[in-house]
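User: I'd like to learn how to read side-chain contacts in a model. Could you walk me through a case?

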Amino acid sequence: MTKDGGKQDKKAQQYGVTPQSVDFNDWYNEVVKKADLADNSPVAGAMVVRPYGSALWENIQRWLDDKFKATGHESLIFPTLIPMGFITKEADHVEGFAPELFTVNKIGTEELAEPYVMRPTSETIIGHMWSGWLNSYRDLPFLHYQWGSVFRAELRTKAFLRTSEFYWHEGHTAHADENEARGEVRQMLDIYHEFCRDVLALPVVRGEKTASERFAGAVATYSIEGMMRDGKALQSGTSHYLGQNFSKAFDVKFQTREQREEFAHTTSWAISSRIIGAIIMTHGDDFGLIMPPRIAPIQVVVIPVGRKDNFDEMVAEGEKLAAELRAQGLKVKVDKRDGVTNGFKYNDWELKGVPVRIELGPRDLESGVVVVKNRNGDEKETLPRAEAVTGMTARLDGIHDWLLERATTFMLENTVTVDTYEEFKAAIEAGKWVRAFHCGDPESERQIKEDTKATARNVPLDDAEFFNEAEEGVCVHTGRPAAYGKRVIFGRQY
């Protein structure tokens with residue numbers, strides 16, 4: 001994974017970035033801090049997202065928000081605090097979230113008659129409000145979502161991946177019938193897949209969760225699963241068919257065309273700030289981040305190269321070049337820092353993963369050329385200025401394609417198909433994903449997790465991009481007939 005061992009050792013000493021092959025966990029934590037994405041917080045389990053990380057999250061929000069609105073969804077805002085009684089109304093829901101709840105028992109010095117919880121998710125309070133808004137089939141569908149933060153207690157925290165407060169959107173929809181609701185669930189799963197593949201350059205597997213891995217209170221849960229550079233899985237987005245469970249708990253019912261009273265069929269779906277962790281761990285290398293160009297806060301950094309007597313002139317020329325690139329809709333930064341060596345600047349932007357770096361010096365200016373370097377490559381190119389500008393969008397697209405191909409190859413090469421439990425255990429221990437038949441017994445899944453720390457990630461859909469072959473066989477763990485008509489993906493997870 002290291003492009004040049006000698007260069008890496010030197011940079012590791014300078015930046016304190018541990019190589020992935022030495023300790024992936026340390027590499028991740030150091031990159032998050034050194035690249036100015038996030039920092040530790042005085043609040044236990046929470047993080048402070050710095051401007052560079054915030055800009056990345058804003059770009060993610062912007063793309064998804066536009067897609068949600070284009071598919072007819074409307075945003076709304078719900079309170080952070082939810083009455084405890086709402087959480088307890090849906091039995092599976094409260095059982096699933098009880099260990100993670102933050103509760104508020106007082107206002108000032110006065111004890112509350114009923115505690116509030118800091119929302120772990122909002123199905124309950126949204127169901128309560130829907131019950132007052134919904135009367136007739138004419139009111140449906142409700143297509144709602146909100147952006148915000150949620151709170152779930154974490155014992156072992158990791159920036160973006162597992163924090164007690166994290167950021168997301170949560171979509172909530174209500175429908176007159178099951179088919180329409182299930183269509184909504186699949187539509188959102190496919191939007192997430194499109195976003196990961198076409199914007200983030202992340203290959204993900206679309207599939208249905210097994211019963212023991214479902215969202216608390218759901219009839220069916222679907223996920224997209226990505227493989228990180230250490231072989232672990234990251235659940236990168238979920239979409240849930242909730243059936244009528246929450247509707248019955250919160251009396252969300254309507255009058256049908258036939259004048260009958262029925263409960264609505266509801267869904268929920270989400271991608272959280274964990275997706276930033278996926279970007280880091282799928283695309284990063286021993287030198288730091290590699291930002292996917294289509295979501296990068298800075299797509300091109302221009303570094304004026306000059307002496308003290310002509311530095312201001314080179315900055316002005318850098319700004320002219322940046323303006324030409326911005327006219328194409330690109331996000332460009334000119335590094336105007338004085339008193340900092342060019343080498344430091346090069347390494348700093350490489351650590352931050354900016355896709356393309358342009359160096360512009362006095363001799364380049366005289367010759368009408370610029371020096372261009374892609375973050376994913378070793379070599380610099382000297383190009384005519386006009387060619388560098390007009391070809392930048394295609395260059396960024398090429399970096400996107402390279403990242404997607406590299407990540408896809410890595411996932412395929414590190415996924416193995418097994419038929420015995422000994423093969424299963426050996427592959428998991430080696431840091432692989434495993435494709436194996438399973439009987440669907442939750443107790444068997446529990447024992448597999450206890451033995452190997454691996455969980456069922458999902459059962460790939462028939463039209464999933466990867467691992468969707470229909471097969472019959474016997475369970476790798478119990479020897480009983482397989483339950484799903486295809487192999488299940490197992491792996492250790494974040």
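User: Let's start with one side chain: is Trp 168 buried or exposed?

Analyst: Two ground rules: this is a predicted model, where local features need pLDDT of at least 70 and side-chain atom pairs count only at pLDDT 80 or more, while totals for chains, interfaces and linings use all residues. Residues are numbered from 1 along each chain as its sequence is written, and side-chain values use heavy atoms, with hydrogens and water left out. Buried means under 20% relative accessible area, exposed over 50%, and partly exposed in between (1.4 Å probe, protein chains only). Trp 168 has 8% relative accessibility, so it counts as buried.

User: How do I read a pair of aromatic rings?

Analyst: You describe such a pair by the distance of the centres and the angle of the planes. Rings of Phe, Tyr and Trp (its six-membered ring) pair if their centres lie within 6.5 Å; planes under 30 degrees apart count as stacked, over 60 as edge-to-face and the rest as tilted. That rule gives 13 aromatic pairs here. Take Trp 57 and Trp 147: they're edge-to-face, with 5.9 Å centre to centre and 80° between the planes.

User: Where in the chain do Trp 57 and Trp 147 lie?

Analyst: Helices (H or I, at least four residues) and strands (E, at least two) are DSSP runs, numbered from the N terminus. Trp 57 is in helix H3 (residues 51–70) and Trp 147 in strand E7 (residues 142–151), so this pair links distant parts of the chain, 90 residues apart. Trp 57 is buried at 11% relative accessible area, whereas Trp 147 is partly exposed at 21%. Phe 166 and Trp 168 make an edge-to-face pair too, because their ring centres are 5.8 Å apart and their planes are at 80°. Phe 166 is buried, at 12%.

User: Which strands pair with E14?

Analyst: Two strands pair if DSSP finds at least two bridges between them. Strand E8 (residues 165–175) runs antiparallel to E14, joined by 8 bridges, and His 169 stands opposite Ile 271. Strand E11 (residues 233–243) is also antiparallel to E14, over 5 bridges; there, Ser 239 has Trp 269 as its bridge partner.

User: And what about charges?

Analyst: Side chains of opposite charge can pair when their charged atoms come close. A salt bridge is a side-chain nitrogen of Lys or Arg within 4 Å of a carboxyl oxygen of Asp or Glu, and the structure holds 41 of them. In one of these, Asp 397 meets Arg 294, with the closest N and O atoms 3.3 Å apart. Asp 397 lies in helix H14 (residues 392–413) and Arg 294 in the loop between helix H9 (274–283) and strand E15 (300–304), so the pair ties together parts 103 residues apart in sequence. Asp 397 is partly exposed at 30%, and Arg 294 is partly exposed at 34%.
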